[in-house]
Amino acid sequence: MVTVTPIDAPCGATITGVDLTQPLSSGDVEAIRKAWLKHLVLVFPDQPMSDDDLERFTLCFGEFGHDPFFDPIDGRTNIAAIQRNADETTPLFAENWHTDWSFQETPPIGTCLLGLTIPPQGGDTYFANQQLAYEQMPAPLKAEADSAIAIHSAETAYAPDGMYGQGKDEEQGRSMRIRSSDEARLKTRHPMVRPHTETGKPALYSTVGYIQGFEGMDKSASDDLLLRIYHHQTQDQFVYRHKWQPNMLVMWDNRAVLHKASGGYDGHDRLLHRTTIAERL
């Protein structure tokens, strides 16, 4: 029986009473989805899952999302390795607040991350509840956000001349399989405040690194608005700090939370397997 235990944080719940190495019943899937929509981040401890198990679980909640700038692990199409070797010196991957692939026309609704090799300290993942951040936004800033249309692009990160551009990571010895492409220069527009596609609840939808500006605003005004929203939406009262354990699965709702990685584990390997969840058509 699925047991949901809320975490003492602005989002998150621990799920026990279910074995993710086995196919889930329709009742279990429904209970997990209900908890996911309510708590936004779900933590499943003690789940020694295989890659087959991870893919099967992902497909319970949607289709596989498209990961445009990660090469998958060997033998798979839809699983990427979030990896950092003990001796790696490249800049930490994904250490800024974001929601996954917000530059896509139809971004993934969720992400699953399975902890395989977990260092003895550091490597926490932070989550910020953007439904709560919108709810508690000062009225004048909320009015600005309500009318803003953001222009998203992956250019600064994944274009050939971007942060993870051609040859840069390989020369520095990055272990993750990141693939840069001119596809990253494409632009997509999303409202700054988006209703959840299942619950309708509004949330701030913002990735500072992917937003190039707002429609109808010059760069100075866009940067000012983005910075004011950023300072509000990432305050501690909206944040859950997650500590990993081996064989732990975490799934989160990209429509309603931001997340970021943290370091602090130099000298230790870290490996997680990731899938993205697209809305089922």
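Modeller: Two strands pair if DSSP finds at least two bridges between them. Strand 8 (residues 149-152) and strand 9 meet that mark with four bridges, in the antiparallel sense. This is a predicted model, where local features need pLDDT of at least 70, side-chain atom pairs count only at pLDDT 80 or more, and totals for chains, interfaces and linings use all residues. Residues are numbered from 1 along each chain as its sequence is written, and side-chain values use heavy atoms, with hydrogens and water left out.

Biologist: Which residue stands opposite isoleucine 151 in strand 9?

Modeller: That is arginine 189. Both strands belong to an open, antiparallel sheet of three strands, ordered 9-8-12.

Biologist: What makes strand 9 (188-191) and strand 12 (211-214) edge strands?

Modeller: Each of them pairs on one side only. From one strand to the next, the twist in this sheet averages 30°.

Biologist: And the other sheet: what is its strand order?

Modeller: Its three strands run 13-7-15, again in an open sheet with antiparallel pairing. Strand 13 (239-242) and strand 15 (257-261) each have a single partner strand, so one side of each has no neighbour in the sheet. Neighbouring strands here are turned by 20° against each other on average, ignoring direction.

Biologist: How many bridges join strand 7 (residues 125-129) to strand 15?

Modeller: There are five, and the two strands run antiparallel. Among the partners, phenylalanine 127 is bridged to histidine 259 in strand 15.

Biologist: Which residues of the two helices meet?

Modeller: Leu141, Glu144 and Ala145 of helix 4 touch Leu225, Arg228, Ile229 and His232 of helix 7, with contact meaning heavy atoms within 4.5 Å. Of the residues in this contact, four are nonpolar, one is polar and two are charged.

Biologist: Where is confidence lowest and where is it highest?

Modeller: On the pLDDT scale (from 0 to 100), helix 6 (residues 168-172) is lowest with a mean of 53, while strand 3 (residues 41-44) is highest at 99. The protein chain has a mean of 95, and 98% of its residues reach 70 or more.

Terms used. Ala, Val, Leu, Ile, Met, Phe, Trp, Tyr, Cys and Pro count as nonpolar, Asp, Glu, Lys and Arg as charged, and the others, Gly among them, as polar. Axes are lines fitted to C-alpha atoms, for helices over the stretch in contact, and angles run from 0 to 180 degrees between N-to-C directions. pLDDT is the predictor's confidence in each residue, from 0 to 100.
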